[in-house]
Amino acid sequence: MRNVTRETVTDAVIASLGQHGEISDRQREIMSALIRHLHDFCRDVTLTHGEFIEACQFLARAGAVCDDKRQEFILLGDILGVEVLADMLTHPVEGGESESTVLGPFYRENPPVLPKGASTVQKHFDNEETVYFEGHVRDAHGNPVTGVTIDVWEDAPNGLYENHDPDQPDYNLRGRFETDEQGHYAFRAVRPVAYPIPDNETAGELLRYMGHHPNRPGHMHFILSKDGYRTLVSQVYDADSDWLDSDSVFAVKESLIAKFEKAGSDLDTDLRVSFDFVLKEGAAEAALAAE
């Protein structure tokens, strides 16, 4: 340790793990890999000390942005594709269950509990298109799953989620529903629109450094949960939206794209979407923390 060199520093740091405090095998695995990959990255790009200081200042700015309405580190992880990768590693598709995707930074706990078919709309916009979402939730054997709690949320026609728009009512375009005895769900909302993720702080700095854009295609967020089934965090994308092929957070999956079709005379909405989900049996995950 008294003669650390470029060649020995990595092994020296790894060897220090657990020397003065007990750590778990998982902690050792994570920290050993992190140190080795991080040091190899520094060597690969010949990282200068000035660039290291700039990175520290960047992270400090990101931390200063975080509050109860904006989690900058989740945005940074999204832009780098880390959240979607972590989700795929955590929730591999092993059968016919529906694919998951990122939670994103705009989820809020405890949305209004609404009856089947109710509307999440509290404020109307001149350019809105109303939409009727419905579908069935089944298990891997095709059986309906009753009593599934379904959280939904989306951006408004102005491209903003209500917790980023002081002109929208609290919990606008958010709701919690439940499947009936046939595993059927239904609710009314508005057509989600493509929007840019917040890019006025460090998220924007990173996007510009990467030469990438901030735009996301229009999508509706879903969380489906019930005891005895794996919680599903997913999104349903508008097949006619821009940015499906270049999503700024890399979260689009072909199986999650749905066609928004013209509604029939039996509905009081402009459009309708039919989308089914398949839940995997297993332990339900702990409640998601607000981000």
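Biologist: Which residues in α6 do Glu72, Leu75, Leu76 and Ile79 in α4 meet?

Modeller: In this predicted model, α4 contributes Glu72, Leu75, Leu76 and Ile79 to the contact. By class, the contact of α4 with α6 comprises seven nonpolar residues, one polar and one charged. The partners in α6 are Thr202, Ala203, Leu206, Leu207 and Met210.

Biologist: Are α4 and α6 roughly parallel or roughly antiparallel to each other?

Modeller: The axes of α4 (residues 72-79) and α6 come within 9 Å and cross at roughly 15 degrees. Angles under 35 degrees count as roughly parallel. The two helices α4 and α6 are therefore roughly parallel.

Biologist: How are α3 and α6 oriented to each other?

Modeller: Helix α3 (residues 49-65) packs against α6 (residues 202-210) with the axes 9 Å apart. Phe58, Arg61 and Ala62 of α3 meet Thr202, Glu205 and Leu206 of α6. The angle is about 140 degrees, whereas roughly antiparallel requires an angle over 145. The orientation of α3 and α6 is therefore oblique.

Biologist: Turning to the strands, what is the bridge partner of Val152 in β7?

Modeller: Four of the five residues of β2 (residues 149-153) are buried, so this strand is largely enclosed by the rest of the structure. Strand β2 pairs with β3 (residues 174-178) in the antiparallel sense over five bridges, and Thr149 stands opposite Glu178 there. Five bridges also join β2 to β7 (residues 219-225), again running antiparallel. In β7, the partner of Val152 is Phe222.

Technical notes
Residues are numbered from 1 along each chain as its sequence is written. This is a predicted model: local features need pLDDT of at least 70, side-chain atom pairs count only at pLDDT 80 or more; totals for chains, interfaces and linings use all residues. Side-chain values use heavy atoms; hydrogens and water are left out. Axes are lines fitted to C-alpha atoms, for helices over the stretch in contact, and angles run from 0 to 180 degrees between N-to-C directions. Angles under 35 degrees count as roughly parallel, over 145 as roughly antiparallel, 65 to 115 as roughly perpendicular and the rest as oblique. Contact means heavy atoms within 4.5 Å. Ala, Val, Leu, Ile, Met, Phe, Trp, Tyr, Cys and Pro count as nonpolar, Asp, Glu, Lys and Arg as charged, and the others, Gly among them, as polar. Buried means under 20% relative accessible area, exposed over 50%, partly exposed in between (1.4 Å probe, protein chains only). Two strands pair if DSSP finds at least two bridges between them.
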